[in-house]
Amino acid sequence: MYFSAEFIICAPVISTHCCWSAAHIKLLFYFIYFFAFCRSLWLITDLNQKYVFLLSTQKECLERKRLTEFLSCEKTEQVWRLCTRRLSRMPVQYIIGEWDFRDLTLKLRPPVFIPRPETEELVELVLTDLQRESRAGVGSAAQESCVEVGCGSGAISLSLLKSLPRLKVFALDQSQDAVELTRENASRLGLQDRLQVSRVDVMKDADRVLSLCSSASALVSNPPYLFSEDLQSLEPEIYRFEDHAALDGGEDGLTVIKQILTLAPLILSNHGRVYLEVDPRHPPLIRQWAEENVEELRFVETRRDTSGRFVFINKEKTFHISNIVKEAY
Ligand SMILES: C[S@@+](CC[C@H](N)C(=O)[O-])C[C@H]1O[C@@H](n2cnc3c(N)ncnc32)[C@H](O)[C@@H]1O
């Protein structure tokens with residue numbers, strides 16, 4: 001439901017000039033006014049602290065005295081435009097058009113997947129391993145490289161590039177929107193020189209994947225891993241606005257994961273590793289499937305995230321990373 005600010009502010013006054021059932025109309029208007037006010041408050045507290053007052057898309061600094069100023073018509077319109085988008089359940093990240101991931105601020109736009117906080121922990125794990133290997137001199141002769149399947153906005157790839165100045169990353173995604181957004185974010189952050197972004201569907205074009213990527217130290221992915229039947233129960237913010245191809249992992253959530261594991265031995269160097277963010281139900285299934293189908297891979301460990309929260313899907317959040325290592329030949 002949308003009400004202009006002027007309508008809401010004027011409503012109680014207009015109602016006093018009506019002679020028939022004025023009291024009822026007045027009551028109704030007060031109810032509408034109260035309802036809209038509450039929704040606005042909810043919207044505002046829902047927004048990231050950094051943008052709490054949302055008075056400008058240019059991130060105006062909010063001075064204390066400005067709190068008592070009346071909004072200009074232009075600003076009022078702007079607030080209502082933003083509120084209307086939020087009331088349609090558009091995620092705050094898309095409304096603002098950018099969001100922080102680790103130490104990066106990334107441009108975001110629908111339908112490209114919004115990076116989740118738990119994925120920061122996946123990045124931390126990959127970084128720790130790559131830094132340790134780098135210190136130990138593993139792979140020091142050549143420039144280290146990493147492959148990301150399903151780069152989305154570029155959150156994982158760009159975080160790795162930012163922290164590891166010698167790393168080269170091959171980022172793949174089947175979505176043109178995602179490929180363009182990753183390139184845009186890379187340029188904004190000055191990380192484009194060590195990043196190669198390609199539009200590839202890993203399910204359909206394995207040969208192309210192999211021609212683009214080889215001898216990588218790490219293969220990392222936050223793939224689509226939801227069970228198809230769970231899609232229906234997603235919050236409207238996710239279901240209506242995010243690309244379903246970024247979420248839907250097929251009947252058992254493992255469609256893309258199995259393909260990644262099949263390609264992994266061909267993409268990785270001898271001591272290379274696969275890092276996956278998966279559903280809490282997946283680790284034993286993945287382990288069993290990999291042992292039966294990909295003999296060059298050896299399962300190493302599963303880690304839970306530290307938050308213990310499950311923010312975007314209606315279940316307890318304990319996401320797992322199954323970290324599967326390729327045996328030395
Ligand atoms: C869960 S999102 C992760 C995005 C990003 N890595 C992140 O963590 O924010 C999964 C990504 O995988 C991509 N994807 C899905 N199926 C794919 C496929 N068959 N080949 C390549 N990319 C795929 C989607 O387009 C989406 O961008």
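This note goes through the predicted model point by point, from the chain as a whole to single residues.

1. Basis. Residues are numbered from 1 along each chain as its sequence is written. Because the model is predicted, local features need pLDDT of at least 70 and side-chain atom pairs count only at pLDDT 80 or more, whereas totals for chains, interfaces and linings use all residues.

2. Overall make-up. The chain has 11 helices and nine strands, taken as DSSP runs numbered from the N terminus (helices H or I, at least four residues; strands E, at least two). Of its 329 residues, 32% are buried; a residue is buried if 20 or more other C-beta atoms, placed from the backbone, lie within 10 Å of its own, exposed if 12 or fewer, and partly exposed in between.

3. Nonpolar core. The largest nonpolar core has 62 residues, and L219, I257, I260 and A264 have the most contacts inside it; such a core is a set of buried Ala, Val, Leu, Ile, Met, Phe, Trp, Tyr and Cys residues joined through C-beta atoms within 7 Å. Helix 10 (residues 255-267) gives the largest share of this core, seven residues. Neighbours within four places in sequence aside, I260 is in contact (C-beta atoms, placed from the backbone, within 7 Å) with V149, V202, L219, S221, P223 and V274.

4. Ligand shell and helix 6. Around the ligand there are 25 residues, of which P115, G150, G152, N222 and A246 come nearest; a residue counts as near if its C-beta atom, placed from the backbone, lies within 6 Å. Helix 6 (155-163) and strand 4 (168-173) are the elements that give two or more residues to this shell. Seven of the nine residues of helix 6 are buried, so helix 6 is largely enclosed by the rest of the structure.

5. W99 has L106 of strand 2 as its bridge partner. On strand 1, W99 and F101 form the covered face, while E98 and D100 form the uncovered one.

6. Backbone points to check. Most residues other than glycine have a negative phi, and most peptide bonds are trans. R102, in the loop between strand 1 and strand 2, has a positive phi near 50 degrees, and S215, in the loop between helix 8 (206-212) and strand 6 (216-221), likewise has a positive phi near 50 degrees. The peptide bond from P110 to P111 is cis, with omega near 5 degrees.

Conventions
Two strands pair if DSSP finds at least two bridges between them. Two residues are in contact if their C-beta atoms, placed from the backbone, lie within 7 Å.
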